[in-house]
Each structure stands twice: as C-alpha cells, then as structure tokens.
Amino acid sequence: MSGKVFVTGIGMVTPLGLDAKSTWEALLQGKSGIAPITAFDTEGFETTIAGEAKGFDPTLYTDRKQARRLDRFAQLAVAATSQAMEQANLKLDDPGVDATRVGSVIGSGIGGIITLSEQWAVLAEKGPTRVNPFLVPMMLGDMASGQVSILFGAQGPNYCTVTACASGADSIGIASHMIRSGEVDIAIAGGTEAPIVPIAVAGFNACMALSKRNDDPTRASRPFDAGRDGFVMGEGAGILILESEESVVRRGVTPIAELAGYGASSDAHHVTQPAPGGEGAARAIAKAFAEAGLTPADIGYINAHGTSTPMNDKFETEAMKAAFGEEAYKVKISSTKSMTGHLLGAAGGVEAAITALAVSTGMIPPTINLTSADPDCDLDYTPGVAQRVALKSAMSNNLGFGGHNASLIFSKV
C-alpha cells in the first residue's frame, strides 16, 4: 500500500472538556477530570470515582427524538464526529466529495452497556413486554459507526473495531489502510465509550483492575508511579477525519498532521496480562516504524497506554525499551490517562487525537501524579508540567485485554 494519509479534523468529548479545544487546554495545564461518580449510587462499591463527561448535551448535535434512540456511547461519537467534520470543513454532499468513498470506522470495547443494563432492570421489574423496542439497535457495538454513517451520509465501508482498549487505535489504523489501498478517499475514524454503569465498575473491581483511591480522586490515576493501584475508568470519544493526499488537494484543506504508520500485533499470551517483557507491544511498534519508514530516533514523543496498573506500566516500559533501544531513554513519554482516566475503547481515538495535536503544536502534555519513582519505570514520562519540544514525529500506543497491541505514528506537515 502506498500514498499519504492526513488528519484534517479532530473531535473530542472527554472528562476534561466537551470539545477538542477545551480538552487540549486542560491537558496542557495538567488538570484532572477524575471525580466521584454521579451517574449512579456507588454505595457498596469498592471504587466510587471515574472520569465523566460532565454537562454533555447530545441535543447540541442531533434532535431530542434521535438522541433518545442512541445509547450514550453513540451520542458521544456523533458529537465528536460533528466537531471533527466542522474543523475539516467537510460536508459529504459537497460537489468535491463522493460520499460512497467516505468510510466510517469507529471502535468501542463495550458498546451500549448503559442501555443493556437499564433494560435488564426493566425486564426484571416489569416483564418482557415492557422492554424498549430500541434495545437491540441501541446496545450493538457497531451502532456508533452505523449512526455516524446514517446521520452524516457516509456511504463507504462502515465498520466497528472491537479490540478492547486498542479499539480506537485499531479503527484509525484500519481506516488509514483503507485510504492507502484506494478503497476510500476519506474516513471518519476513532473510538467511543460510555461504560460508567454499576455492572462495569463491579466487573473491573472483581478483576482487581480499578484504583480504590476514592478519597483522593484527582490523584488516583498515577501512571508509572510506584504508588499506582489500578486504572480509573473514563468515558468519551475521539474522532479523526482522515484523508488521502488527493482529497486534501482537491478540497483545498490544510492538514493537522500526517498519519505516517500503523502497526498491530497479538501477545497470544493471556486474556488480561501483557506478554512478559512487552514483547507483543514491541512488535506492534516495530511494524509502525516499518510502515512509516522511520526509526526510533525520529520519534520525539510517545503517548503511552500508561493505564496506572502495576503490570501494564512495567511491561509497557519494557516494550518501549525493547523497541527503541537506547533511544527509549531520550524520548519524551507521557500518559494522558493520568488526567482523563482510561476511556477503554475510546482511549485510542482520544490519544491519537492528542498525539496529532502534540505534533502539530510542539507541546507535550505531562503525566500528572508521578511523584514516587518506580525502579521498573525509569524512562522520561514528562512528570507534572507540559513541555515544548520541536517534534517531527510522535507515537501513540494502546494495549487491550485479549492481547491486542496497536501503535500509530503521526508526523508533522
């Protein structure tokens, strides 16, 4: 496959802000979006904190009737898509756009778990005849991509990538390959998730994945820190508009960044634990280098998966050392999950957007709450304060339950 792929629009809804601008500004200021959960009564739960997209109003992006027929994860995707398309000055009925060559590839790890949870309660309390007739089309994981395709008129391939916490990154990578192969000219790509419901929190608590630092929410997510005790769940969406070079020229738009490379691999090791030494993640990084035609010395910043779990941060550090060699000690790294929490299937979409903005602006968001050195995590994680660096290229890495590894490289234009 050949041909360049460019990012021309970015949309985000996160615990730090309801659009890309406010999210980016909060990241650079080192703010935390973690707070006590308001979505449900947390009495009896081991974890009572999360990153919620507070104040989100889906009716700003679609009418009230339509909004009621979308699970929150799809509402978030529609909002982020609308923002990204506005920035890209993209309307699919414009004369220079062939809607049949516009793809929609939006991943989600869990899909409409809010609707499913609510309707289980309806079934139990009121019986089967009272279940919402829109239950199935609201809960299906592909409905963010499907509804974006319907609402915005994208008539090309329409996919949902489900690779746990690598879903958003894999969606962007797969969409880039669709453009490189000539299948589409433009792709709406990224990830979305709205998992803050009792069953999800209880489930992640049961597998001992979540932080229990409930009395100190803003400092609970502490990637690479010796005191980390688990991730903090978050919700949101991150969407990129990707375009071929020909489409960029034809439409006369200015790219934000180039998506230069994508690599994916499987650990083939364990359902939740990373491969020892980060071997699988290192292979995904190497594949991204190969596609981009770059070397470790070309990368000035890595947006790490950095979940704040003991095993992930240790093995991801080992993966970066294996893939980068001595350059691992020179590159700036940060985990923006320290501020947003872990957005699960949306993480790769949001963090790809952040990485593209880092390349475009030369600003690197910090890792906050990194105050106690862990001897297993001894790289430069940009603690505390954002830094300005002359960036040519940057990398975003995401790892998921099931052994999924995805790596994206963005370059300056």
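**Entry 1**

I began with Asp374, which counts as buried at 12% relative accessibility (buried is under 20% relative accessible area, exposed over 50%, partly exposed in between, with a 1.4 Å probe and protein chains only). I noted that the model is predicted: local features need pLDDT of at least 70, side-chain atom pairs count only at pLDDT 80 or more, and totals for chains, interfaces and linings use all residues. Residues are numbered from 1 along each chain as its sequence is written, and side-chain values use heavy atoms, without hydrogens and water.

I found a salt bridge between Asp374 and Arg228, the closest N and O atoms being 2.7 Å apart (a side-chain nitrogen of Lys or Arg within 4 Å of a carboxyl oxygen of Asp or Glu). The pair links distant parts of the chain, 146 residues apart. Asp374 lies in the loop between strands S11 (363-364) and S12 (387-388), and Arg228 in the loop between helix H8 (198-206) and strand S7 (236-244). Helices (H or I, at least four residues) and strands (E, at least two) are DSSP runs, numbered from the N terminus.

**Entry 2: Lys321 and Asp378**

I then looked up Lys321, which forms a salt bridge with Asp378 at 2.7 Å between the closest N and O atoms. Lys321 is in helix H11 (residues 310-324), whereas Asp378 is in the loop between S11 and S12, 57 residues apart. Lys321 is partly exposed at 24%, as is Asp378 at 38%.

**Entry 3: Whole structure**

I recorded that shared partners join Arg101, Asp185 and Arg250 into one network of salt bridges. My search of the whole structure gave 17 salt bridges.
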